[in-house]
2 protein chains.
Amino acid sequence: MICEILNVGTELLLGDIINTDGAFIARELAAIGYSSYHQSTVGDNPARLREAIRVALGRCDVLILTGGLGPTCDDITKVAVADEFGLKMKLNEEVLDEIKAYFAAVNRVMTENNISQAMIPEGATIFHNKWGTAPGIAVCGEIGGETKHAILLPGPPSECEPMFLECAKPYLLNMSDDVIYSLNLHLRDIGESAAEQILRPIMEEYTNPTVAPYALEHETRIRVTARAKDIESAKAMCRDMKKIIESGEAGKYIYCETDTPFGAKNATVLTLLEELRKNGKTFATAESCTAGMISARVGDIPGASDVLLGGIVSYANEVKENVLGVPHEVLVQYGAVSEQCAAKMAEGARRVTGAGITVSVTGIAGPDGGTATKPVGMVCFGLADEKGTYMETKYFGSKRNRAKIRLLTTMYAMMLVIRRLRGEI
Amino acid sequence: MICEILNVGTELLLGDIINTDGAFIARELAAIGYSSYHQSTVGDNPARLREAIRVALGRCDVLILTGGLGPTCDDITKVAVADEFGLKMKLNEEVLDEIKAYFAAVNRVMTENNISQAMIPEGATIFHNKWGTAPGIAVCGEIGGETKHAILLPGPPSECEPMFLECAKPYLLNMSDDVIYSLNLHLRDIGESAAEQILRPIMEEYTNPTVAPYALEHETRIRVTARAKDIESAKAMCRDMKKIIESGEAGKYIYCETDTPFGAKNATVLTLLEELRKNGKTFATAESCTAGMISARVGDIPGASDVLLGGIVSYANEVKENVLGVPHEVLVQYGAVSEQCAAKMAEGARRVTGAGITVSVTGIAGPDGGTATKPVGMVCFGLADEKGTYMETKYFGSKRNRAKIRLLTTMYAMMLVIRRLRGEI
């Protein structure tokens, strides 16, 4: 089954937004074993869009289109695809009701041009959109004597990604008898190329399950994907492969496993919550350079309130002193970016919130503020719990930008708490 | 001058990496007034690559290729382009010396396949690569009776981006007279489709500047783009169009303008920082459901430390009481999600941090925890400053997911502070 991705949007052609939908769908297609040889982007121009659809349908079985479904672009993608398949557009009352309900639920007035979103090619499969207004659509028909499919998804990643997973992926999997199961092994303290070097023999020896390392912004992930006749067999194949990987050199880097997109995306924070619950500990933070990113990341997870008490964002030294009780002498003698200050911040957060374990960060996120002895990318961490106080300094490198340094700091802080709760430090 | 971008790399087709080169080059092309109607991705497959080059050169004047220049892909891009232009490959001694020097400098052994990187199409312009080994190349020739250009850049963004700016951009600017300038008008309290309905007559009447609304996750943006012979004329055309838009119904929704990608992305927080500085006020937060997102968002901006003091993440009621001093009776009588609690949180944050103005949020982010009187999506806000305390309740809708509700809450809280500092509330 050959797929092709066509991204529609002038904002993509202008480089206003980065095409993350394309990479997301491409990866998902690869994971379920569908080939993809071309990916294209065109703007909101009907003639060029039609031409691109025609060319793509000439060389693939399933064309997946993203974008061009919103009310302002007159749904040009939908109309162009309907024309290519020789289908008429029809008002779909059910979709119209959903759009009306959506606007009512978000307390906004529905305008005339939203009605066009309820116009659907006849005979299309409708993917209901729980994340926005424009429904996704799948059409199927004969073109040039061959069966072709087109799947249309909204452009915003917050709608495109969940709709691909919940609607388009099952639709695609229905075309085949096989089921696919993926297990993610999450690694710390190792980069993608080093992981790839270790795994190379396994990657080359096995084709089902496949084994592939992925570099995320802050960690490396090994994705094991099995194809089988039923889900239990696919799971068993992944579990067997996991044992092979664990028994090799890569084993010592694995800190958790996940098998859902939500889990994969939130592996570190979910592991942190699990360890806190297992240890019966509440948690709080004291953040300087991350300014609340750690507590916000924990708060991303529904139900985090059973262990997350809160935190102190002590961006200014006055807050470090007055709220967290960092002694003035520590700030004068060692500076705000020091292990001594990090220790006092963590202890202070534990004292004022009453949490079982706290983590603190204070560092130089850049681009300015670095010195020879305290360069951009230097971050001091503190941990406080009933066992005492732990301190550590990390250098994330002055070549990295502010956003990357703060993200790595956030993830590393959570990993320190995990290590502490596991008795590793 | 019509450009087209062709990204070469199987890792892009598999979704292993996100295509940031494409967006980067597209934005740079738009900025210098070069049109781009198509962008494509193909893998490291010679036959499909040749076909893609042929199709692209058939519809553009300048084809910009990224990737497929490294030693492991056998430089397939270079050879395919040389063939299409009917050029022979020749060993370039100067490039070979550079590659040898690079390997000597990084203390690595140069392998045989690195020599292929010094093979260059005859007559090509060479872009020396200060950031890696593979040089960039520009070739020019007649194809089908028309003058065509091809520019080849390495794939890794750390090489592609500086090489585009330092080598390819000057090469392109030598070909044209026009420049492009874009002005973003940022709107609040109005959705994309409503904005589009208001702007429709202007969008249809004008082609230079163009006017287009874009929906961001939390606001609507109008982009005004002018093309002219020089930057001052283009800016003046955008300013004139801004006056037309401002004098119409859309005017009352505009809260700021930006003209850089960084500004556009951070419009709300940059406006907040500007208003704080203008008013000589320091800032702090008291966050419950956002758990630090507001302070983290402010901390995203380099130099925020002149006004951001910090904040209290009071996820648990104990922290609301013990750190922020919310009276126990308020929590018992009105609950944590109440305007009364929000008011006490904001006042408490102001007291403990000493900030000039504070904002607080407490709400139900979901998916659980909603009731008939306090549904998911209900958020109470508080503002405290020398004028007193302001409270407001917003309903972001139970259909929205947790991430979206927290994002909207974060942006709305910042907007409340902006309104307060502007004397609107």
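**Entry 1: a pair within helix 8 of chain B**

I began with B:Arg200 and B:Glu196, which both belong to helix 8 (residues 192-205) of chain B and stand 4 residues apart, about one turn of the helix. Helices here are DSSP runs of H or I with at least four residues, strands are runs of E with at least two, and both are numbered from the N terminus. An α-helix has 3.6 residues a turn, so residues three or four places apart point the same way. I found a salt bridge between B:Arg200 and B:Glu196, with the closest N and O atoms 2.1 Å apart. The term salt bridge requires a side-chain nitrogen of Lys or Arg within 4 Å of a carboxyl oxygen of Asp or Glu. B:Arg200 is partly exposed at a relative accessible area of 26%, whereas B:Glu196 is buried at 2%. I call a residue buried under 20% relative accessible area, exposed over 50% and partly exposed in between (1.4 Å probe, protein chains only).

**Entry 2: basis of the values**

I note that this is a predicted model, in which local features need pLDDT of at least 70 and side-chain atom pairs count only at pLDDT 80 or more, while totals for chains, interfaces and linings use all residues. Residues are numbered from 1 along each chain as its sequence is written, chains are lettered from A and ligands numbered from 1 in the order in which they are written, and side-chain values use heavy atoms, with hydrogens and water left out.

**Entry 3: further salt bridges**

I looked up the total over all chains, which is 42 salt bridges. In chain A, the side chains of A:Arg50 and A:Asp83 form one of them, at 2.5 Å from N to O. This pair links distant parts of the chain, as A:Arg50 lies in helix 3 (residues 46-57) of chain A and A:Asp83 in helix 4 (residues 76-84) of chain A, 33 residues apart. A:Arg50 is partly exposed at 27% relative accessibility, and A:Asp83 is partly exposed at 41%.

B:Arg54 lies in helix 3 (residues 46-57) of chain B and B:Glu84 in helix 4 (residues 76-84) of chain B, so the pair ties together parts 30 residues apart in sequence. B:Arg54 is partly exposed, with a relative accessible area of 44%.

**Entry 4: chain A as a whole**

I recorded 15 helices and 17 strands in chain A. The C-alpha atoms of chain A fill a box of roughly 80 × 55 × 40 Å along the principal axes. Of its 425 residues, 56% count as buried. Among contacts (heavy atoms within 4.5 Å) in chain A between residues at least 6 apart in sequence, 67% join residues at least 24 apart.

Just after helix 4 of chain A, A:Gly86 has a positive phi of about 65 degrees.

I then turned to strand 8 (residues 146-153) of chain A, which is mostly covered, with 6 of its 8 residues buried. I count strands as paired if DSSP finds at least two bridges between them. Strand 3 (residues 62-66) of chain A runs parallel to strand 8 of chain A and is joined to it by 5 bridges; there A:Val62 has A:His149 as its bridge partner. Strand 7 (residues 136-143) of chain A is antiparallel to strand 8 of chain A, over 7 bridges, and A:Ile143 stands opposite A:Glu146. Strands 7 and 8 of chain A form a hairpin with 2 residues between them, and A:Gly144 in the turn has a positive phi of about 60 degrees.

**Entry 5: the interface of chains A and B**

I looked up the contact between the chains, to which chain B gives 69 residues and chain A 68 residues. The buried area, meaning accessible area (1.4 Å probe) lost on putting the two parts together and summed over both, is about 5300 Å², with 55% from carbon and sulfur atoms. B:Leu13, B:Tyr315 and B:Lys399 supply 10% of the area that chain B buries against chain A, more than any other three residues.

Between chain B and chain A I noted 2 salt bridges. B:Arg406 forms a salt bridge with A:Asp300, the closest N and O atoms being 2.4 Å apart. Strand 14 (residues 308-314) of chain A pairs with strand 14 (residues 308-314) of chain B in the antiparallel sense over 5 bridges, and A:Val313 has B:Gly311 as its bridge partner.
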